[in-house]
Amino acid sequence: MTTEPTIAANRDPLGQLLDTHSVVVCTGAGGVGKTTSAATIALEAARRGRRVCVVTIDPARRLADAMGLDAETARGSEAMRVAGPWAGELWAVMLDTRATFAELIRTYAPTPQQARTILDNTFFRNISDALSGTHEYMAMEKLYELHNDTRFDLVVVDTPPTTNALEFLDAPNRITRFLDHRLYKMLVTPSKGLARAVNLAAQTFLRSISRVVGAAVVDDVIEFFANFEGMEDGFRARAVAVRELLAADTTTFVLVTVPRRDIAEEATSFVTELGAAGISVDALIVNRVHPRFTGRSTDELHADLDRFIGTPLEPLVSSLLDAVTIATTELDHLASLTEALPDAPVVRVPFLDADVHDLDGLERLTGHLFAD
Ligand SMILES: Nc1ncnc2c1ncn2[C@@H]1O[C@H](COP(=O)(O)OP(=O)(O)OP(=O)(O)O)[C@@H](O)[C@H]1O
Ligand SMILES: [Mg+2]
């Protein structure tokens, strides 16, 4: 049963990544299969005996149900254990941006009362959704939290669809940049309560905006920033720790793509941007690949077709030619991406005849992603 280790590693590149890392990040463009891949990777890890938690983002309803993440009970970002016959443990959590942000505020607010004031603040409730990158940041934040949770030895994280790698990588820095903002600085002065939190220049400025947006809104903003006082250091330290975790040797990035020219091009620039930020992609999953059926080339099949024209074999050879033409085109689409990732193993997953929406479907996919 045991084979020579390097051969086993080459045959099962994703399996090897699972065995040697504590965080797996599944990234890629919208709709390529990130959520499905993350869930499949987590399931396989549990089968291999690991205590794994997968963070999913907006999973399709049926897949969420299959993983015990029904909207009523699972929202609130608590990890739920998925029952099954595996050697390890499979846990799943659905990312709840709001709840994660709230937890973060509770962690860093000097007093519970201050946390409550911030969380009830209308301005906070508006910006916590609108702040660019909040979704990405909270995904990373949740990852960090679960990574430090002793119940799990592996965290697999699904990511929001990314068109711009920096958006996603930069997420942990965004909140700190926001805190460095001039308006923020203007509103908060060291530790002297609401009245003195606003200096003279700011007061003039606020008087003019309150004419436009209304005094209540401005009061909310002041209350928010005044209460945020004392939390910036914690937030900044946390952002640094999250960024370090993303770049750690024990964290691996798996890029999911489909063999389409536009998506592969997007993925290629994504890889370049990740690389510039010091993060390498360790494996490439090419999802929804059409099967080739034969080792024969299109030229050989054209010749075959000429030979079999008018015979019962003609339709068969013709279909084979179509399939090989599609498969060859798909390979062309992927060429620049695989060149950009010379060291990353490529794992292909066929276009299945049905959506993957339950544990049986995920099990089926493990057969394509991992060696037996
Ligand atoms: N190999 C496959 N064959 C057939 N269907 C697939 C395959 N992989 C994924 N799917 C289906 O494609 C759909 C999209 O997959 P998934 O939700 O995993 O993508 P995603 O990258 O997470 O999307 P989003 O960016 O919207 O979050 C799902 O319905 C899923 O069941
Ligand atoms: Mg998804």
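Tutor: A residue counts as near a molecule if its C-beta atom, placed from the backbone, lies within 6 Å of it. The model is predicted, and local features need pLDDT of at least 70, side-chain atom pairs 80 or more, while totals for chains, interfaces and linings use all residues. Residues are numbered from 1 along each chain as its sequence is written, with chains lettered from A and ligands numbered from 1 in the order in which they are written.

Student: How many residues surround ligand 1?
Tutor: The shell has 18 residues, and the closest are Lys34, Thr35, Thr36, Leu352 and Asp355. Helix H3 (34–47) and strand S7 (281–289) are the elements that give two or more residues. Helices (H or I, at least four residues) and strands (E, at least two) are DSSP runs, numbered from the N terminus. H3 supplies the largest share, 3 residues.

Student: How are packed helices described?
Tutor: By the angle between their axes and the distance between the axes. Axes are lines fitted to C-alpha atoms, for helices over the stretch in contact, and angles run from 0 to 180 degrees between N-to-C directions. Helix H17 (residues 261–276) packs with helix H19 (residues 314–340) at about 10°, their axes 8 Å apart. H17 is therefore roughly parallel to H19 (angles under 35 degrees count as such).

Student: What are the angle and axis distance for H6 and H9?
Tutor: Helix H6 (residues 97–108) and helix H9 (residues 134–147) pack at about 65°, with axes 9 Å apart.

How values were computed. Angles under 35 degrees count as roughly parallel, over 145 as roughly antiparallel, 65 to 115 as roughly perpendicular and the rest as oblique.
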